[in-house]
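Subject: The structure you asked for

Hi,

Here is the structure I promised to pass on. Have a look at it first, and then read my notes below.

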Amino acid sequence: MTTSTAQPMPDVDPAAAREWLAAMILIRTFEERGDELALRGKIPGGMHPAIGQEAAAVGIARGLRGTDLVAGTHRAHHHALAKGMTPSAVLAELYGKASGSNGGRGGSMHLADFDLGLWGSNGVVGAGLGIAMGAALGAKQRGTDQVAAGIFGDGGANVGRVWEFTNLAAIWKLPLIVVCENNLYAVETQTSSVTGGADITRRAAGFGLPAFTVDGQDVVSVHQAVSEAADRARTGSGPTFLEILTYRYKGHDSGQVIRYRTDDEVQRWRSSKDPIENYAARLITAGLLDEAGLAALTDTARTTVDEAVTFAEEAPWPDPCTAAENVSAYTGNEQR
Ligand SMILES: Cc1ncc(C[n+]2csc(CCOP(=O)(O)OP(=O)(O)O)c2C)c(N)n1
Ligand SMILES: [Mg+2]
């Protein structure tokens, strides 16, 4: 336990403060098990683990309302779980089973549940922000008070469409939170080696919207920044850009051989900035949790993920006769 970095807790409801920790522990437990299962060939296509990035997901989801919308990237199990998708529904989807969130047809990069406000993980770099921008435009036109958060990575920050979406959101004053989840790497590329101007937040500010850099290893900071951005969006002040600084502990995807960073670097992040260890220490210091309570949260997460594995293993495969249902294809011969 890293107690030395524990900071005082701000004024957060104690039950909510503990629930944020439980949600982060569940995400980590799920992702660690998922990574193992992927390496054992249980998850067709593998997965992009978000271990180390738990505070970003929980801070975003809890800073929004349940009716608000989130669209993520290829690395988005943590956002799906934080938004309320059950581990069983996610894991069965990763297995390609009929009981998965999307009938086993989408897999890791197409996790969606509109009832939860989850507008999908997405395999196209930068595309999730466009979906969220469209959702924000729809919310504004229908006069709902919904806010949409569109997430992309530091790699996405060097894709042109991201800034087209940001520009439109700024001039149309859309209720959008433009989120760059900067984990310092895009596949094998160090972001600092490919990012002109070096500062993604400053780049975003050029589009004329409030832009902030946030400590993404601190769930309290992420929650606060997202809550304030959501308030601005809901009251008609338009979009906010947040660069959430975080770090992925594992490779880009399951089993990636890592030659582009040192073990020391990973160890430094793990030992000094771990979002779960530091936050648990903070709750304990504030008297909101004790070691037994922490152990109980860990046990509960393990049991929940064990149950999800059993569920996914036992779930049926999709009926091959339904393969063409809910699928659209452009053949070029359609009537115009
Ligand atoms: C338009 C597009 N170009 C390239 C790819 C291949 N690709 C998949 S993930 C990735 C890197 C993304 O890095 P980042 O945006 O930092 O997200 P992270 O993987 O770090 O979460 C790339 C280039 C893709 N999926 N889509
Ligand atoms: Mg990245």
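Let's start at ligand 1: how far does a polar side-chain atom of His252 lie from an oxygen atom of ligand 1? It's 3.5 Å. Before you go on, keep in mind that this is a predicted model.

**Around ligand 1**

Asp154 places a polar side-chain atom 3.1 Å from an oxygen atom of ligand 1. With Tyr185 it's the backbone: one of its N or O atoms lies 2.9 Å from an oxygen atom of the ligand. On its own, ligand 1 has 580 Å² of accessible area, and the protein covers 69% of that.

If you want to click through the surroundings, there are 14 residues around ligand 1, and the closest are His74, Arg75, Gly123, Gly155 and Tyr185. Sorted by class, that shell has 7 polar, 5 nonpolar and 2 charged residues.

**The magnesium ion**

You'll meet Asp154 and Tyr185 again here. Which residues coordinate the magnesium ion (ligand 2)? They are Asp154 through OD, Asn183 through OD1 and Tyr185 through O, at 2.1 to 2.2 Å. Along the sequence, these donors follow the spacing D-x28-N-x1-Y. Asp154 and Asn183 link distant parts of the chain, as they sit 29 residues apart. You'll find Asp154 in the loop between β2 (148-153) and α6 (160-171), while Asn183 is in the loop between β3 (176-182) and β4 (185-186). Both Asp154 and Asn183 are buried.

**Aromatic rings**

Searching the whole structure turns up 7 aromatic pairs. Here are two of them to compare.

Take Phe114 and Trp119: their ring centres are 5.4 Å apart and their planes meet at 70°, so this pair is edge-to-face. The cut-off for that label is a plane angle over 60 degrees. Phe114 has 59% relative accessibility, so it counts as exposed. Trp119, with a relative accessible area of 32%, is partly exposed.

Then there's Trp163 with Phe241, a tilted pair with 6.2 Å from centre to centre and 35° between the planes. This one links distant parts of the chain: Trp163 belongs to helix α6 and Phe241 to strand β7 (residues 240-245), 78 residues apart. Are these two buried or exposed? Trp163 and Phe241 are both buried. They also belong to one aromatic cluster, together with Phe152 and Phe207.

Cheers

How values were computed
Residues are numbered from 1 along each chain as its sequence is written. Chains are lettered from A and ligands numbered from 1 in the order in which they are written. This is a predicted model: local features need pLDDT of at least 70, side-chain atom pairs count only at pLDDT 80 or more; totals for chains, interfaces and linings use all residues. Side-chain values use heavy atoms; hydrogens and water are left out. Donors are N, O and S atoms within 2.8 Å of the metal (3.2 Å for Na, K and Ca); water is not among the atoms, so sites may look incomplete. Helices (H or I, at least four residues) and strands (E, at least two) are DSSP runs, numbered from the N terminus. Buried means under 20% relative accessible area, exposed over 50%, partly exposed in between (1.4 Å probe, protein chains only). A residue is near a molecule or strand if one of its heavy atoms lies within 4 Å of it. A polar contact is a pair of N or O atoms within 3.5 Å; within protein, one must be able to donate a hydrogen and the other to accept it, and residues adjacent in sequence count only if both atoms are side-chain atoms. Accessible areas come from the Shrake-Rupley method with a 1.4 Å probe; for residues, only the protein chains shown count as cover. Ala, Val, Leu, Ile, Met, Phe, Trp, Tyr, Cys and Pro count as nonpolar, Asp, Glu, Lys and Arg as charged, and the others, Gly among them, as polar. Rings of Phe, Tyr and Trp (its six-membered ring) pair if their centres lie within 6.5 Å; planes under 30 degrees apart count as stacked, over 60 as edge-to-face and the rest as tilted.
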